[in-house]
Amino acid sequence: MSPSRTVALAGNPNVGKSTVFNELTGSCQHTGNWTGKTVELAKDSFYYKFNNYTLYDLPGTYSLVASSMEEVVSRDYIESLDYDCLVCVVDATNFERNLNLVLQIAEVTDKIVILLNLCDEAKKRNITINTKLFSEMIGLPVVSATARSGKGINDLLEEIHLIVTGATERKVNKITYVNPIEQALHILEFAGIPRCKAIRILEESIEPKEYKAKEAYIKAKNILERFNLDGDNFTESLTSSICQRSKLITRTVVKKTPSKAEERDKKLDKLLMGKYTAIPSMLVIFGVVLWITMAGSNYPSAMLQDLFSNFEIWLAGVMTSAGFSETVISLLVYGVLRVLLWVVAVMLPPMAIFFPLFAILEDFGLLPRIAFNLDPCFQSCGACGKQALTTCMGYGCNAVGVTGARIIDSPRERILAIVTNSLSPCNGRFPLLIALIAMFFSKNTFVATIILLSFIAFSMVMTLLSSHVLTKTVLKGESSSFVLELPPYRKPKFLKIIWQAVKEKILLVLFRAIIVAAPAGLIIWILANTYHGDATLLSIVANFLDPFGKFLGLDGVILLGFILGFPANEIVIPIILMAYLSTGEITDYSSLDSLKQILVDNGWTTVTALCTAVFSMFHFPCSTTLLTIWQETKSLKWTFMSVVVPLIVGVVLCAIINFIL
C-alpha cells in the first residue's frame, strides 16, 4: 500500500472549509459562522485512486501576516511545506477579498488547487466567474464547487491526485512588487533564501544567523531604508501590490449584476444591524427562542417526570419484593435516583430545543451580527467583541459558553469571558424564573415574556459592568481588535444541525450533570432524614442560614435550596418545597397556584420573589459549569473567581433590593 499523502485546507473563515473537510472524509466536523471557529487543526483521512490521504483543516485566516493565534497556526503550517497539496478554498460570493490570501500563499508554494466554493450562492447573486480565464491568469488549477451538496468534490479529488503524483505542470504567476522591494527580495533569493522566507525576514526584521544570508539581509534592508520602505511601510506596500493584483483579476474574471438575494440581505441587515432596530430585533428573536424553548419543553418534561415516577414506583416494588429495607429503598430510589432522574427530566427537553434553535441562528448567519451589535459594548468595557458570542452561548448553558471562549485569542480576554459567563442565566434557571414571574408578577404570557427579557437584558448589563470592573483590577489590559465575518444569510441544514447539537452539546452537558447529580441526591437525602433531637439536619442548617437569608430578602431555606442545588439549578424549587413541607424527599408541585400558596404560607412576598429571581440569575455556577471551568483553565484561582464574581453580584443586588423595598 502506498504511503499516506498529506493535504491541507486553507482559506478565510466561513468559506466552507469544514464542509469540504466533511465531504472528503465523511466525518462530521462542526461548521460555524464566526471568526476563529476552527481553533485547532482538524485531522482525518480519505482514500482516492490507490492513495491514502491525511487531511488537515487549517484555522481560518485572512492573511499570512498573522495577527491572531489561528492565523499564526495557519501561516506556520503553510510555510512549513509539510504537505503534498494545499487546497485554497475561496468563497465565490466574496471573490476579491478571498483572493488576497490565495495570492500570498502562491508566493510560498505552487502545490495548490483553488476550490471555488459556494457557487450556488454566487449564482443566486448573479455572480459569474470565468474559471478557465482565472486559472490562466493565476497559473493554478481551479475547481468550481458547492460543497454543501457535494458538487465538484470529485473534480477536486482528481486535481489533488494530479498534483501529488506530479502529473500536471504548474507555473504560478507571481506578484510583482515595487522595484525596491523586488531588488531586496532578489538579493536574499540569490543568497539561497526562498522568496516567501525573504518576505517574512524583511517584514519582521529577522536578521539571519548565517554570514552570507546576514550580509544579504543588510544590503536588502539598506535598499528598503533608502526608499523609506522598511517596517510598516514595507507591509503596506506588499498589501497594496496584492490588492491591486486581486482587483485586476477580479475585474477580468468576475461578472456581477444585482440579485434578489443581495437585496434581501441588505433589508435584513438594515433591520438586524440598524442603529435603532438592532437591539430591539435581537430581543424579539431571543424572546421567540425562549418562548419556544419553555413552551415546547413543558410537555416532554411532564411526560418524562410521569415516566420516571412510574419507574420509581416499579423499582421500589421490585426492591421491596427482594427484601430491601424501607430505609435503603428511600435512600437509593427516592434520594439518589430521584435527583438524577429529576435533572434528566428537567434539563433534557429545554436543551433539546434551545441548542438546535441556537445552532439554526448560527447557521443562518445571525450570531455574527449579534456579535457585531454588541461588539462596541464589550470593547468599551475592555473586553473582546467575541465575548458577545460566548455570553449568548451561556443563555443555553454556561458550560457551553465557557468552552466557547476558546474562540478568543487573548488569554486575558478568554479568562474574562469564562469568569463572567455565569452571569448569563442558563436554561436551567429559566424554569424558576418563569415560575416566579407567573406566580408573583404576571400570568399573562406576553407580559411574562417581556419581564423575562428584561431580566435577561439586565444580566447582560451586569456582565458588561463586571467585565469593566475586572479589566480595571485583576484582569488589566487593553481590549484586542478582531476581524468579524458577516457571512451571507444561508438556509440552515436542519437535520445536520440537530444531530450536531445532540452529539456535541446536549449529551455532553447532560452527562456531566448526571455525574454530580447522584452524589448530590445522596447528600440531600441524608440531610433531610438525619435527625438531631426533633429537627432534621436540613432544618438546622436552614435555621442557621436564616439571618443571612433575611438580610438578602430571602430566608435560610431558599439559601439552602441554592446551595444543595449546586449539581443542577433545576432542583432548587423541589429542595425548597422539601424543606418547607418536611417530606424527607425531593417533592414536585401539582400547579403554580398550589406552589404559590405553599410559598406564601411560609412567608414569601413579592420582594422575596424578586430577590429569589435575582439571586437565581446571579449566584455561583452549577457543578457542570464549574467542572468545565476547571478543565478549560486548569487554575484554582480562576475557578474560584468564577464562583466569587457572580456570587458577589447576587449578594449585593439582593441586599440593595431588600433595603430599598
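Mentor: The chain exposes about 28900 Å², of which carbon and sulfur atoms supply 63%; accessible areas come from the Shrake-Rupley method with a 1.4 Å probe, and for residues only the protein chains shown count as cover. This is a predicted model, in which local features need pLDDT of at least 70 and side-chain atom pairs count only at pLDDT 80 or more, while totals for chains, interfaces and linings use all residues. Residues are numbered from 1 along each chain as its sequence is written, and side-chain values use heavy atoms, with hydrogens and water left out.

Of the 661 residues of the chain, 56% count as buried (under 20% relative accessible area, with exposed over 50% and partly exposed in between; 1.4 Å probe, protein chains only). The chain has 27 helices and 10 strands, taken as DSSP runs (helices H or I, at least four residues; strands E, at least two) and numbered from the N terminus.

The part to examine is Arg429, which lies in the loop between α17 (411-420) and α18 (430-440). Arg429 counts as buried because its relative accessibility is 2%. A polar atom of the Arg429 side chain lies 3.0 Å from the backbone oxygen of Ser422. Once neighbours within four places in sequence are left aside, Arg429 is in contact (heavy atoms within 4.5 Å) with Asn398, Ser422, Ser424, Asn569, Ser616, Met617, Phe618 and His619. For the chain, residues 24 or more positions apart account for 73% of the contacts with a separation of 6 or more.

Technical notes
A polar contact is a pair of N or O atoms within 3.5 Å; within protein, one must be able to donate a hydrogen and the other to accept it, and residues adjacent in sequence count only if both atoms are side-chain atoms.
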